[in-house]
Amino acid sequence: MNKLVVLGAGWLGKPLCLQAKQKGWLVEGTRTQDNCDQEYERIFRLENEQLISSISLNEAYWVCAIPPRARHESSNYLQLLDNALKLSQRFTCKGFLLCSSTGVYPKESGRYYESYDVQAVDARQSVLQKAEQMVLNMNGKVLRLAGLVGPDREPGRFVLGKQLASSSQGAINMVHQQDVIEAIFCLLDAWQKAARIYNVCNPWHPTRASYYQQKCAQFDTQVPTYASEEHSQRIIDGSAIHQLGFSYQHDI
């Protein structure tokens, strides 16, 4: 039987757990609180620098879906990941997959592939780069996810009247939640032949202005404003994962 441990059974991790169960996988998904509502839920947190965990699956694939934000550096994100990697080894993990972010790439124009030599220039990139390297050093793999959209994260709602610190003429890099989940299953199914790093980003890259105008019109919400109108083409290329038989199916 296929087995899966999902660290962070939240917006992305919970539907991943549920769909793995539908596929007949044995699943454990983690949360930080003690009051677990679902039978698959397990506790996983750091408390006074000590790991509190009720994970119990042996010989499972592990997917870390804890959002890799810079603020986690002060809340022990990297320490938590280090503990997770060590614990996964104790449970004879079949493979460790980190959900990282395309935020690891520079903000400047360019087309970015997995082979790009990442050099951190700010706190968030530093966290991302360190986390990725920790996983890669343990023979794990990395998915670099573009901006996430999907249920309860409709673009026309989350930019409602905001001032965005970006250009209206910059290209968007987004991916739907369900495409990410399918990409995860695709990589797990092809673990032995898969590369170490894949970008996951929808191939459609309109400008922010046209994209958010369309999305806000759907919900009759106020369009955002932008810091500039500078033309820029920062494109995350998410085509390499096609080699595993994956294709993007969901509109962003």
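Leu 57 sits in the loop that links strand 4 (50–53) to strand 5, where helices (H or I, at least four residues) and strands (E, at least two) are DSSP runs numbered from the N terminus. Because its relative accessibility is 8%, Leu 57 counts as buried; the cut-offs are under 20% relative accessible area for buried, over 50% for exposed and partly exposed in between, with a 1.4 Å probe and protein chains only. Leaving aside neighbours within four places in sequence, Leu 57 is in contact with Lys 3, Leu 4, Val 5, Leu 26, Val 27, Glu 28 and Phe 91, contact meaning heavy atoms within 4.5 Å. Its C-alpha atom is separated by 22 Å from that of Met 134, 77 residues apart along the chain.

A word on the model itself. It is predicted, so local features need pLDDT of at least 70 and side-chain atom pairs count only at pLDDT 80 or more, while totals for chains, interfaces and linings use all residues. Residues are numbered from 1 along each chain as its sequence is written, and side-chain values use heavy atoms, with hydrogens and water left out.

Now for the core. In the largest nonpolar core, which has 45 residues, Leu 4, Leu 143, Ile 184 and Leu 188 touch the most other members. Such a core is a set of buried Ala, Val, Leu, Ile, Met, Phe, Trp, Tyr and Cys residues joined through side-chain atoms within 4.5 Å. Several elements each supply at least two of its residues, among them strand 1 (3–7), strand 6 (95–101) and strand 8 (141–145). Helix 5 gives the largest share, 8 residues. Take Leu 143: beyond its neighbours within four places in sequence, its contacts include Leu 97, Cys 99, Ile 184, Leu 187, Tyr 198 and Ile 241. There is also a second, separate core of 26 residues, which includes Leu 7, Leu 87, Val 127 and Val 142.

Next, the helix pairs. Helix 1 (residues 13–22) packs against helix 5 (residues 177–189) at an angle of about 55°, with their axes 10 Å apart. Axes here are lines fitted to C-alpha atoms, for helices over the stretch in contact, and angles run from 0 to 180 degrees between N-to-C directions. So helix 1 is oblique to helix 5: angles under 35 degrees count as roughly parallel, over 145 as roughly antiparallel, 65 to 115 as roughly perpendicular and the rest as oblique.

Finally, a few loops. Thr 221 is found between helix 6 (208–219) and strand 13 (225–228), and it counts as buried because its relative accessibility is 18%. Asn 48, in the loop between strand 3 (41–47) and strand 4, has a phi near 55°, a positive value in a residue other than glycine. At 73% relative accessibility, Asn 48 counts as exposed.
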